[in-house]
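Reader: Could you walk me through this model and tell me which cut-offs stand behind each term?

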Amino acid sequence: MENLDRELIVDEMSQKIVDTAEEIAHNLGVENVNVRKLMQVLDITNRVFYNRFHNIEEVLDIIYQRTSLKIRESILSKFDPNKDFFEQVKNIVADTLIKSYENKENLNQFIFESDSQSASNFSWWKSEIEKLINFGKENNLLKDIETEKMSYAIWCFIRGYNADALGRNLPKEQAVEDFKYSFGVLLDGMRK
């Protein structure tokens with residue numbers, strides 16, 4: 001039985017293990033990331049791995065966190081209150097799809113499932129979407145919609161569309177064009 005209370009080593013090798021695991025996941029899929037494969041690729045022992053991580057799930061969690069943070073960058077882009085609100089929101093949301101394409105290669109199902117289990121990622125996205133909705137409402141651009149319910153629906157739309165487009169291997173350009181169109185229709189329905 002492993003001791004989860006022991007002090008783990010955090011060093012350059014820890015980073016190398018995570019980087020290699022991420023590379024394997026991107027190239028071969030998450031299902032091919034395991035301790036044996038990492039030991040083989042990095043020419044390390046079991047001890048080297050387990051001195052740094054309790055299990056492979058810890059490594060996969062770090063990969064999930066990294067990927068999620070990269071995708072979050074899209075909604076943190078500068079919002080200019082003097083420009084067209086709807087066009088900016090459409091572009092910000094489309095950028096999440098672009099970042100998904102760039103960062104989820106062979107990680108799509110893993111990220112989708114991890115998102116479903118991550119309360120903190122869900123809360124973060126919902127909060128950021130609520131900020132955009134509240135800005136639109138405060139500036140008399142949006143109908144009087146229920147912010148909390150609508151932010152959840154938008155989260156589901158973005159997340160589901162991204163997962164499906166990647167899973168079907170739609171070309172990125174087609175997926176972005178279709179996404180911007182359909183999200184634009186959704187936004188138009190919210191317009192005051």
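This is a predicted model: local features need pLDDT of at least 70, side-chain atom pairs count only at pLDDT 80 or more; totals for chains, interfaces and linings use all residues.

Reader: How do you know what confidence the protein chain has, and where is it lowest and highest?

Author: The score is pLDDT, the predictor's confidence in each residue, from 0 to 100. The mean for the protein chain is 90, and 97% of its residues reach 70 or more. Confidence is lowest in α6, at a mean of 83, and highest in helix α2 (residues 35–42), at 96.

Reader: What makes a stretch count as a helix or a strand, and how many of each does the protein chain have?

Author: Both are DSSP runs numbered from the N terminus: a helix is H or I over at least four residues, a strand is E over at least two. By that rule the protein chain has nine helices and zero strands. The C-alpha trace spans about 60 × 35 × 25 Å along its principal axes.

Reader: How do you know what span to expect for helix α8?

Author: The expected span is 1.5 Å times one less than the number of residues. Helix α8 (residues 147–167) has 21 residues and should span 30 Å; its end C-alpha atoms are 30 Å apart, so the two agree. Helix α1 (residues 12–28) passes the check too: its 17 residues should span 24 Å, and its end C-alpha atoms are 24 Å apart.

Reader: Why is F179 called buried?

Author: Buried means under 20% relative accessible area, exposed means over 50%, and partly exposed is in between, using a 1.4 Å probe on protein chains only. F179 has 1% relative accessibility, so F179 counts as buried. Buried residues make up 43% of the 192 residues in the protein chain.

Reader: Why is N169 called exposed?

Author: Its relative accessible area is 66%, so N169 is exposed. N169 lies in the loop between α8 and α9, and has a positive phi of about 60° although it is not a glycine. D43 lies in the loop between α2 and α3; its phi is positive, about 55°, and D43 is not a glycine either. With a relative accessible area of 70%, D43 is exposed.

Reader: What do the buried residues of α8 pack against?

Author: They pack against α5 (85–103), α6 (108–117), α7 (119–138) and α9 (172–190), where contact means heavy atoms within 4.5 Å. Among the buried residues of α8 are M150, I154, W155, I158 and L166. For α1, what covers the buried residues includes α2, α3 (46–50), α4 (56–72) and α5.

Reader: What makes a set of residues a nonpolar core?

Author: The members are buried Ala, Val, Leu, Ile, Met, Phe, Trp, Tyr and Cys residues joined through side-chain atoms within 4.5 Å. The largest such core has 30 residues, of which L97 and I154 touch the most other members. α5, α7, α8 and α9 each supply at least two residues of this core, and the largest share, eight residues, comes from α5. Apart from it lies another core, of 21 residues, among them V18, A25, I44 and Y64.

Reader: Why is the pair F85 and F86 called edge-to-face?

Author: Rings of Phe, Tyr and Trp (its six-membered ring) pair if their centres lie within 6.5 Å; planes under 30 degrees apart count as stacked, over 60 as edge-to-face and the rest as tilted. The structure holds 13 aromatic pairs. For F85 and F86 the centres are 5.2 Å apart and the planes are at 85°, so the pair is edge-to-face. F179 and F183 form a stacked pair, 6.2 Å centre to centre and with 15° between the planes. Being four residues apart in helix α9, F179 and F183 are separated by about one helical turn.

Reader: What makes R191 a charge over a ring?

Author: The rule asks for NZ of Lys or CZ of Arg within 6 Å of the ring centre and within 35 degrees of the ring normal. R191 lies over the face of F86, at 3.7 Å from the ring centre. R159 lies over the face of F112, at 4.1 Å from the ring centre.

Note on methods. Residues are numbered from 1 along each chain as its sequence is written. Side-chain values use heavy atoms; hydrogens and water are left out.
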